[in-house]
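Here is a short tour of a protein model, written to be read with the structure open beside you. Take it one section at a time and follow along on screen.

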Amino acid sequence: MTPDIAGSHPLALWPAAASRSATEVDHLILAFTGITLVLTVPIFLAITYFALRYRAGRNTVRRHTEGRDVKIELSWMLIPFALTLGFFLWGAIIFNTELHPPGDSMEIQAIGRQWMWKFEHPGGQAEINDLHVPAGQNIMINMISQDVIHSLYLPALRIQMETLPNRYTQVWFKADRPGTYRLYCSEYCGTDHSKMDGNLTIMSPGDFANWLTEAGSTQSLAAIGARLYAAYGCGGCHNDNARVAPSLAGIYGSEIKLADGTTTIADDTFLRNKILNPDTQKIAGTKQVMPSFHGILKEDDLTHIVAYIRTLREPTQ
Amino acid sequence: MSPSDAVMRDHSTARPAVDRPADYLHEQHTLRSWFFSTDHKRIGLLYLASITFFFVLGAIAACLVRLALIVPDGTIFSSDTYNKLFTMHGVIMIWFFLIPSIPATFGNFLLPLMIGAKDVAFPHLNLASFYIFITGALFTLITLVIGGVDTGWTFYAPFSTTFSNTYVIPALIGVIIVGFSSILTGLNFVVTIHKMRCPGMTWFRMPIFVWTLYATSLIFLLATPVITIALILLVMERAFGIGVFDPRLGGDPVLFEHLFWFYSHPAVYIMVLPGMGVITELVAAFSQKKVFGYRFVAYASIALASVTFLVWGHHMFVNGESQLAATIFSLLSFAVAVPSAVKVYNWTATIHKGSIHLDTPMLYAMGYIGLFVLGGLTGLFLATLAIDAHLHDTYFVVAHFHYIMVGGTMLAFLGGLHYWWPKFTGRMYPEAFGRVGAGLIFVGFNVTFFPQFILGYLGMPRRYHVYPPEFQLLNIMSSAGATILAAGYFFPMVYLIWSLWYGKKAPANPWNAKGLEWTTSSPPPTHNFLNTPVVDFEPYGYENKAPEIG
């Protein structure tokens with residue numbers, strides 16, 4: 001059964017908006033369109049009018065002064081620029097909100113690959129190309145690509161973010177209007193780029209809870225990660241007593257001093273990179289003995305292990 | 001009969017052809033005299049023929065793309081074929097038509113004429129540039145014949161280096177080689193403008209077209225090497241597995257985005273600036289009026305060529321670029337609007353109280369101003385961070401840059417081609433057909449590309465072969481427009497060639513225009529001027545006495 005896509009009427013000239021932020025972007029675009037008309041229509045009219053009014057052969061007054069024109073030049077350089085600067089600011093302010101997910105966001109892991117999306121919910125429910133999320137809650141999608149550059153585009157929310165093959169990128173939203181909307185890959189990625197799309201279903205919190213139950217899952221992402229962590233023997237070295245490798249308890253989000261004197265934050269990208277390429281970003285004061293798991297762990301294994309590492313807290317005294 | 005026809009009639013000469021003084025077209029007739037000519041005018045025409053060939057190829061690819069998009073389910077071509085079609089359209093139109101279009105054809109032909117020189121500074125290097133261009137073009141043609149390439153003209157890694165199964169390396173080599181042609185042409189023009197101006201031709205007596213060529217040449221020299229290096233790195237990674245961009249080989253794909261756009265944003269101004277120069281010439285000539293704010297327009301060209309190096313990051317707002325970088329790039333992109341506005345308002349002010357002749361070149365110029373303004377302002381939409389987060393990589397972007405590239409550069413090219421056609425060939429084109437063609441192109445262009453703004457805003461991603469059914473109506477409109485546009489292009493293609501044999505003989509100055517190129521015969525003698533011109537008058541002296549060449 002094909003679901004009813006919101007705003008998919010063939011004569012629709014306005015895309016469906018599923019969040020308040022999307023409506024704000026619409027206001028910005030509308031206002032900008034308004035100012036564009038104010039700036040362009042007079043030029044169109046003037047050119048047409050002048051071309052007819054001063055057409056060669058017409059007997060009309062063409063006398064004009066050749067005086068200093070600095071003032072008029074400056075005014076048409078600066079006034080339109082000043083008018084548009086307001087839109088720069090407006091856009092930057094909304095973008096600022098779009099870039100910073102609130103701390104209480106529900107996190108969904110996404111992996112892009114040629115040519116499909118895989119989404120995983122914290123409880124371990126996985127879906128391909130379709131994404132179900134609850135309305136009224138902050139959702140953060142943490143994504144990475146397994147091969148080339150993709151981009152997750154959610155037009156009903158007016159947001160997109162590239163999905164890169166070597167680092168995690170995030171996009172967050174809070175949807176308000178339940179319904180089915182489209183999602184796309186918007187960065188060209190090869191043969192079936194245009195089939196790398198699916199549906200974003202926004203549900204009321206109750207429906208979403210039912211959906212999670214129906215979708216079923218035996219293990220949370222962190223639990224899957226814990227199993228992999230044990231299976232690959234990570235804990236053999238990374239434990240609280242070992243001297244060989246740093247303990248991972250509480251490492252997520254902490255500040256790491258690197259051997260080259262700089263510091264970095266132990267985020268998803270950093271942890272993933274240390275698992276795959278332990279010889280890079282060497283940590284100050286430790287000897288690098290860790291083997292690389294490049295080619296051994298798959299992209300979703302990495303996501304799961306990182307999800308597990310996030311749950312490791314410092315032991316409370 | 002329009003007033004401009006009257007002007008032409010007044011100036012036409014009744015002399016039979018045999019009495020004409022030897023000109024550059026008729027001095028020698030051998031193939032050798034064309035293919036090994038170091039005459040900038042002949043080289044200009046060699047470029048004109050070559051880029052017209054590539055334009056036809058690129059246009060055929062565009063027609064097939066628009067054909068495929070009539071249906072939403074992608075049944076007309078396979079996805080691989082579609083991807084190759086839009087890639088060939090982009091690669092050919094950007095590197096083998098738009099970039100060389102105005103600089104290499106009009107620039108070569110007109111730059112020495114406009115500054116009163118006998119030729120460019122390095123005529124042999126100029127011929128070498130042409131053959132370098134042809135060599136690059138051959139690689140592209142070979143790529144096309146053996147099976148094509150599907151990376152998009154943007155060649156993003158790691159898709160282009162590790163994943164694509166098409167002929168990426170020959171395509172890259174073609175583009176790398178053609179870059180050297182750009183660099184050498186830029187070098188030639190810069191030296192020519194510095195060293196070859198005739199007595200009295202000071203910097204502020206140069207036509208605006210020469211200013212824009214100068215600005216363009218600076219971009220050729222400074223930006224092209226960056227894309228050459230970036231594409232060589234792609235070849236190294238693809239051919240030898242040397243990791244630069246693919247993370248699996250230890251590289252970083254975002255690095256390629258930076259290197260690519262560090263060239264490709266300035267490349268937009270390689271395509272746009274000469275067009276602005278052409279439009280300035282047309283507007284002044286067909287308004288019979290001095291360019292309003294000459295110095296501002298001249299400086300604006302240099303300003304655009306400078307600011308364009310500082311905005312490449314606006315192609316990367318949604319790739320995880322830092323917020324600080326994104327905000328600065330957004331602000332700097334807004335600043336581009338200032339010199340662009342200078343151009344547009346000054347053209348409008350030039351038309352004001354002029355004596356307007358609505359001949360074909362002027363129709364193209366007026367169309368250009370309208371479409372360029374729309375293309376430019378939609379560029380500001382995309383420079384706005386929160387709007388770009390929605391419209392990035394959608395059809396809105398496709399519409400925006402076609403308004404700049406086709407609505408802008410292509411119309412300027414056609415306008416200039418009609419304006420200087422008498423000078424190039426010694427023949428007039430048929431005015432009525434010219435006007436009909438210009439009208440068809442303007443209408444066809446808008447019907448093709450305006451619906452794409454709406455498609456993008458509705459959320460249709462670009463480079464989509466299969467698309468949701470709700471977008472079909474607008475896609476059909478766009479494809480219908482493309483047929484009108486193609487019919488429009490057909491007009492000049494046919495009547496310009498026809499005019500080579502059957503066109504009215506052109507007088508030296510059919511438009512009663514100012515500028516040194518109109519003081520010599522049409523077509524000009526091999527060494528451009530019988531006597532070296534001496535300039536003791538200001539440019540665009542339309543209200544003044546006509547220049548007299550001593």
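## The overall picture

Please keep in mind that this is a predicted model. Chain A contains seven helices and twelve strands. Its radius of gyration is 27 Å, well over the 20 Å that the globule rule gives for 317 residues, so chain A is more spread out than a compact globule. The C-alpha trace of chain A spans about 95 × 55 × 45 Å along its principal axes.

Of the 317 residues in chain A, 35% count as buried. If you look at contacts in chain A between residues at least 6 apart in sequence, 66% of them join residues at least 24 apart.

## Where the two chains meet

Chain A and chain B touch through 70 residues of chain B and 70 residues of chain A. On the chain B side, the residues that touch chain A divide into 41 nonpolar, 23 polar and six charged.

One open sheet of chain A has five strands in the order β3-β2-β1-β5-β8, with mixed pairing. Its edge strands are β3 (126-128) and β8 (169-174) of chain A, each of which pairs on one side only. On average, neighbouring strands in this sheet are turned by 25 degrees against each other, direction ignored.

Strand β1 (residues 106-113) and strand β2 (residues 116-120) of chain A are antiparallel partners, joined over five bridges. They form a hairpin with two residues between them. With strand β5 (residues 138-145) of chain A, β1(A) runs parallel, and seven bridges join the two. There, A:Ile108 has A:Ile141 as its bridge partner.

## A second sheet, with a helix on it

Another open sheet of chain A also has mixed pairing, with five strands in the order β4-β10-β9-β6-β7. β4 (131-134) and β7 (159-163) of chain A each have a single partner strand, so one side of each is left without a neighbour in the sheet. Neighbouring strands are turned by 25 degrees against each other on average, direction ignored.

At one end, strand β6 (residues 150-154) of chain A and β7(A) pair in the antiparallel sense over five bridges, and A:Tyr153 has A:Gln160 as its bridge partner in β7(A). Helix α3(A) packs on this sheet, touching β4 and β10 (198-203) of chain A, and its direction makes about 135 degrees with that of β4(A).

## One residue in α3

Is A:Thr213 buried or exposed? A:Thr213 belongs to helix α3 (residues 205-215) of chain A. It has 11 other C-beta atoms within 10 Å, and a residue with 12 or fewer counts as exposed, so A:Thr213 is exposed. A:Thr213 and A:Gln125 lie 88 residues apart in sequence, yet their C-alpha atoms are 9.0 Å apart in space.

## A bent helix in chain B

Over in chain B, have a look at helix α15 (residues 395-425), which bends by about 45 degrees at B:Tyr419. A proline, B:Pro422, follows within four residues of that bend. After α15(B) comes B:Gly426, which has a positive phi near 75 degrees.

Key. Residues are numbered from 1 along each chain as its sequence is written. Chains are lettered from A and ligands numbered from 1 in the order in which they are written. This is a predicted model: local features need pLDDT of at least 70, side-chain atom pairs count only at pLDDT 80 or more; totals for chains, interfaces and linings use all residues. The radius of gyration is taken over C-alpha atoms; the globule rule is 2.2 Å times the number of residues to the power 0.38. A residue is buried if 20 or more other C-beta atoms lie within 10 Å of its own, exposed if 12 or fewer, and partly exposed in between; C-beta atoms are placed from the backbone. Two residues are in contact if their C-beta atoms, placed from the backbone, lie within 7 Å. Ala, Val, Leu, Ile, Met, Phe, Trp, Tyr, Cys and Pro count as nonpolar, Asp, Glu, Lys and Arg as charged, and the others, Gly among them, as polar. Two strands pair if DSSP finds at least two bridges between them. Axes are lines fitted to C-alpha atoms, for helices over the stretch in contact, and angles run from 0 to 180 degrees between N-to-C directions. The bend at a residue is the angle between axes fitted to the seven residues ending there and the seven starting there.
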